[in-house]
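Please look through the structure below before reading on. The paragraphs that follow go from one part to the next.

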There are 2 protein chains.
Amino acid sequence: MSEQKTSSDTRDRILDVAERLFMENGYEATSMRMITGAAEVNLAAVNYHFGSKEALLREVFRRRLGWLNENRLQALDRLEAQAGGAPLKPSQILEAFFGTLLRMGEDKALGGMTFLRLLGRTLTEPAEFIRTFFAGEYAEVIDRYKQALYRALPDVPQAEIVWRLHFMLGAMSYAIAGTDVLRVVTGVEVGDLAGERPLQDDDTALARRLAQRLMPFLLGGLRAPLPQFDEPARIQKELPTQAARESRPGI
Amino acid sequence: MSEQKTSSDTRDRILDVAERLFMENGYEATSMRMITGAAEVNLAAVNYHFGSKEALLREVFRRRLGWLNENRLQALDRLEAQAGGAPLKPSQILEAFFGTLLRMGEDKALGGMTFLRLLGRTLTEPAEFIRTFFAGEYAEVIDRYKQALYRALPDVPQAEIVWRLHFMLGAMSYAIAGTDVLRVVTGVEVGDLAGERPLQDDDTALARRLAQRLMPFLLGGLRAPLPQFDEPARIQKELPTQAARESRPGI
DNA sequence: GATTCGTTCAAACGTTCGTTTTAATCTTAG
DNA sequence: CTAAGATTAAAACGAACGTTTGAACGAATC
């Protein structure tokens, strides 16, 4: 029961370095020797402290996602308590979900933009153990927020809400992961491209600006008119079936 | 057997198999032996026909992106000719850009959803040779469409348009790549999750449904109200500076 | 029939991978 | 201090990686 409270310096240095290198190179292209070399620890230290490379990646995420999803649930709890049973506004829900994440990008102690970029890229990684891990980590949060959106938008078919949640996750995921792509390929900053003043290489400013621009976009997409189908007419409004059995990864 | 191998038979089988395996496993996690084994060709055939594994990946994309971006430019040419000098409607521009792509998902001869998923996933891969390749392939198309959007939305700061283009690419990229993630992790189809009738395992239907739902979302996001900045006031409308020096990957 | 040339083949190349082993070192409670 | 356990160090493991080699094949050309 008593956790070993070693708080090993080696352990934390490995996690910090792995977080950065996985972000820069991807999981497969990052070798144990690159990690232990950059962290200035022995090669065997990773297997000693974490067991395997896969377990290392999981731990890199666990220490961040634990905080993230806990705070997301708390934010939703707070909003629902304030509303006193009434449905929330979509903007409140998005702010709680995406705002909590984007605030991590401004805080170096929570991983900063390094972790956000890693997360954005890893969500599209096809490796099975990664998808399984994310599905488990996100199951509760996604389900809670989906239910909140169902209540907030009672006139929108639930299938449509699921799709749009999917789209929103993608916009944010790619926007985060892509800013670095842009930087590397072009050598300029996103805001800089269209004439804005350049960013100091301060991730805090990037995270804040990203949040300010992403939120209106997501809200506009979420509340867009429903699509017109060219297929034979079919029921647009589904029952709130308990089909919420699924769990899926999201950012 | 009467089946006769033409000189390009091996080459095409390698490309088709590589396209599928890169999509399923990612570039790094797909070995030459997996590819040549599944294609039932000799291990050395890849290096003989393409030169290297990197060159193989580039060729997998080149044969599809050539068609895609050519058709995108033609679609834009057609619209601009019809408009006779007047700005296009944002919906027309999005339809030309994203619609052309999504139509590839409905056509097996153009790669179908397999290629779309591969594209969506590869765009976030951090390997330098991949980013460099995409930047070159997309430079002209992105620039043309960006200019069209500038003209279509003269009151929106160009920096904002660049950001929103970025968001739209992300929503589409992740939506495509994610449908398979969803299928594998949960064993159910996206539309199925919220009570819709299940899809026959027909990628054509998935591509069409995706397009019908994505387009209103993107349009809603593109036309959303501009963000309010909490930073000191600064100029919102930039000059059409020739900062269009950059080229960047997009889906 | 012999020659040529593009293609396929089996085998091996050297390197790097994640992991394991065994010993040395550090930390700390009795 | 000493014994015991936790951590680090150095070296090696077998497997898999992308690539190269040199010979064999097959269908045209002379």
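In this predicted model, the side chain of Ser31(A) has an N or O atom 3.3 Å from a phosphate oxygen of DNA strand C. Met32(A) also meets a phosphate oxygen of DNA strand C, with a backbone N or O atom at 2.9 Å. On chain B, Asn42(B) has a polar side-chain atom 3.3 Å from a base nitrogen of DNA strand C.

How many residues surround DNA strand C? There are 16, and the closest are Met32(A), Arg33(A), Lys53(A), Thr10(B) and His49(B). By class, the surface near DNA strand C has 5 nonpolar, 8 polar and 3 charged residues. At least two residues of this surface come from each of helix 2 (32-39) and helix 3 (44-49) of chain A and helix 3 (44-49) of chain B. Helix 3 of chain B gives the most, with 3 residues. On the DNA side, 50% of the atoms of DNA strand C within 4 Å of the protein belong to sugar or phosphate, and the rest belong to bases.

The loop between helix 2 and helix 3 of chain A holds Glu40(A). Most residues other than glycine have a negative phi. Glu40(A) is not a glycine, yet its phi is positive, at about 55 degrees. Is Glu40(A) buried or exposed? A residue counts as exposed when its relative accessible area is over 50%. Glu40(A) is at 68% relative accessibility, so it counts as exposed. In chain B, Glu40(B) lies in the loop between helix 2 (32-39) and helix 3. Glu40(B) has a positive phi of about 55 degrees, although it is not a glycine. Its relative accessible area is 65%, so Glu40(B) is exposed.

Next comes the make-up of chain A. Along its sequence, chain A reads α-α-α-α-α-α-α-α-α-α, with 10 helices and 0 strands. Chain A has 251 residues, of which 58% count as buried.

Two of the buried residues are Phe134(A) and Tyr138(A). Both are in helix 7 (residues 128-152) of chain A; they are 4 residues apart, so about one helical turn separates them. Over all chains, the whole structure has 21 aromatic pairs. In the pair formed by Phe134(A) and Tyr138(A), the ring centres are 6.3 Å apart and the planes are at 40 degrees, so the pair is tilted. Elsewhere, ring pairs join residues of both chains into a cluster: Trp163(A), Phe167(A) and Phe217(A) with Trp163(B), Phe167(B) and Phe217(B).

The last topic is empty space. Rolling a probe the size of a water molecule over the atoms shows where such space is left. The largest pocket has a volume of about 410 Å³. Which residues lie nearest the centre of the largest pocket? They are Glu28(A), Glu125(A), Pro126(A), Gly26(B) and Glu125(B), from a lining of 32 residues. The elements that give two or more residues to this lining are helix 1 (9-25) and helix 6 (112-122) of chain A, and helix 1 (9-25) and helix 6 (112-122) of chain B. Helix 1 of chain A gives the most, with 4 residues. The lining of the largest pocket divides into 15 nonpolar, 8 polar and 9 charged residues.

Key
Residues numbered from 1 in each chain as written. Chains lettered and ligands numbered in written order. Predicted model: local features only at pLDDT ≥ 70, side-chain atom pairs only at ≥ 80, totals over all residues. Heavy atoms only, no water. 1 Å grid on protein atoms, 1.4 Å probe; cavity = no way out; pocket = protein on both sides within 12 Å on 5 of 7 lines; lining within 4 Å. Points joined across faces, edges and corners; volume = space filled by probe spheres on them. Nonpolar A, V, L, I, M, F, W, Y, C, P; charged D, E, K, R; others polar. Near = heavy atom within 4 Å. Polar contact = N/O pair within 3.5 Å; in protein donor to acceptor, adjacent residues only side chain to side chain. Phe/Tyr/Trp six-rings, centres within 6.5 Å; stacked < 30°, edge-to-face > 60°. Buried < 20%, exposed > 50% of the residue type's maximum accessible area, 1.4 Å probe, protein only.
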